[in-house]
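Please find below my notes on the model shown here, arranged as numbered points.

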Amino acid sequence: MEPDGAGIRCDQASPEGYELVGECLGGRLIHMVLKKGEKDQPHDHPAHVIYVIKGGTLKITGPAGETRELLDGAGACMPAGAHQVENVGANGMDVDLLLFEPSEQAGKMPEGHFPLQKSVGDNSKTLAENEACMVMETTLKAGEEDRPHSYRDHLMYVLEGEQLTIHPGQGKVAEPMVVDVMPGAVLPLPSGFNLVQNTGCQDVKVVSFKSRISAPSGQE
């Protein structure tokens, strides 16, 4: 017998609390807000990662049921399966977080792959990762840039900042893309190399969500 919510997406089960804010070949990014005392409807997820914008205490009912304390700015891995979530925090605060559900359509890693972690060093950190996906946080000061790095199709969510300039390729050789951003902006980034520069007057802080699932043979 299937558990309640099996096969039902969270944004279908509870559209008032879950909003699809970004999508690319690498997966779907969903913004969840659960008010104090509120409980969503049963729904299903693949294995996924979350990023906590504003934390609290969630009671998760399902095969792997638990009560979990989520801290601001934390990442976490969540197992696959159907469940129901309730905000049981005593602080009277809404829980505000991002969920990334990975896809196997992100394709192959670019040839000569150079990961973001090596590109920006201490400015970037992996917050959570499993076999399916990962979430990373990166900060660039005003005027700062990283080194050319690569990945498959993925999504970037802006927490702070006002402008980014993205140089495609392995250096500043192609026409750059200048993007005015604000907190809550979502940028889909295509597979390949790029260099990211903070061309605004404020520090930029972003979280990147990436699939680690390999495409089936013949579909890469």
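**Notes on the model**

1. Searching the whole structure gives 9 salt bridges, where a salt bridge is a side-chain nitrogen of Lys or Arg within 4 Å of a carboxyl oxygen of Asp or Glu. The model is a predicted one, in which local features need pLDDT of at least 70 and side-chain atom pairs count only at pLDDT 80 or more, while totals for chains, interfaces and linings use all residues. Residues are numbered from 1 along each chain as its sequence is written, and side-chain values use heavy atoms, with hydrogens and water left out.

2. One of these salt bridges joins the side chains of aspartate 94 and lysine 35, at 3.7 Å from N to O. Aspartate 94 lies in the loop between strand 8 (81-87) and strand 9, and lysine 35 in the loop between strand 2 (27-34) and strand 3 (43-45), so the pair ties together parts that are 59 residues apart in sequence. Strands here are DSSP runs (E, at least two residues), numbered from the N terminus. Aspartate 94 is partly exposed at a relative accessible area of 24%, and lysine 35 is partly exposed at 45%; buried means under 20% relative accessible area, exposed over 50%, and partly exposed in between, with a 1.4 Å probe and protein chains only.

3. A further salt bridge links glutamate 137 with lysine 125, the closest N and O atoms being 3.7 Å apart. Because glutamate 137 lies in strand 11 (residues 133-140) and lysine 125 in strand 10 (residues 124-129), this pair ties together parts that are 12 residues apart in sequence. The burial of the two partners should be read separately: glutamate 137 counts as buried at 9% relative accessibility, whereas lysine 125 counts as partly exposed at 46%.

4. Strand 10 also holds glutamate 129, while arginine 212 lies in the segment after strand 18, so the pair ties together parts that are 83 residues apart in sequence. Arginine 212 is partly exposed at 36% relative accessibility, and glutamate 129 is partly exposed with a relative accessible area of 42%. Elsewhere, Arg9, Asp11, Arg28 and Glu101 are linked in a network of salt bridges.

5. Strand 14 is joined to strand 17 by 5 bridges, and threonine 165 has glutamine 197 as its bridge partner in strand 17. Strand 14 (residues 163-168) is joined to strand 15 by 4 bridges, where glutamine 163 has aspartate 180 as its partner.

6. Strand 17 is mostly covered, 7 of its 7 residues being buried. Asparagine 198 lies in this strand (residues 192-198) and is buried, with a relative accessible area of 0%. A polar atom of its side chain lies 3.1 Å from the backbone oxygen of lysine 141, and the side chain of asparagine 198 also reaches the backbone oxygen of glutamine 202 at 2.8 Å. In strand 12, histidine 149 counts as buried at 9% relative accessibility, and a polar atom of its side chain lies 3.0 Å from the backbone oxygen of arginine 147.

7. The count of aromatic pairs comes to 1, with rings of Phe, Tyr and Trp (its six-membered ring) pairing if their centres lie within 6.5 Å, and planes under 30 degrees apart counting as stacked, over 60 as edge-to-face and the rest as tilted. Phenylalanine 100 and phenylalanine 209 form this tilted pair, at 5.8 Å centre to centre and 35° between the planes. Phenylalanine 100 lies in strand 9 (residues 95-102) and phenylalanine 209 in strand 18 (residues 204-211), so the pair ties together parts that are 109 residues apart in sequence. Both phenylalanine 100 and phenylalanine 209 are buried.

Notes:
Two strands pair if DSSP finds at least two bridges between them. A polar contact is a pair of N or O atoms within 3.5 Å; within protein, one must be able to donate a hydrogen and the other to accept it, and residues adjacent in sequence count only if both atoms are side-chain atoms.
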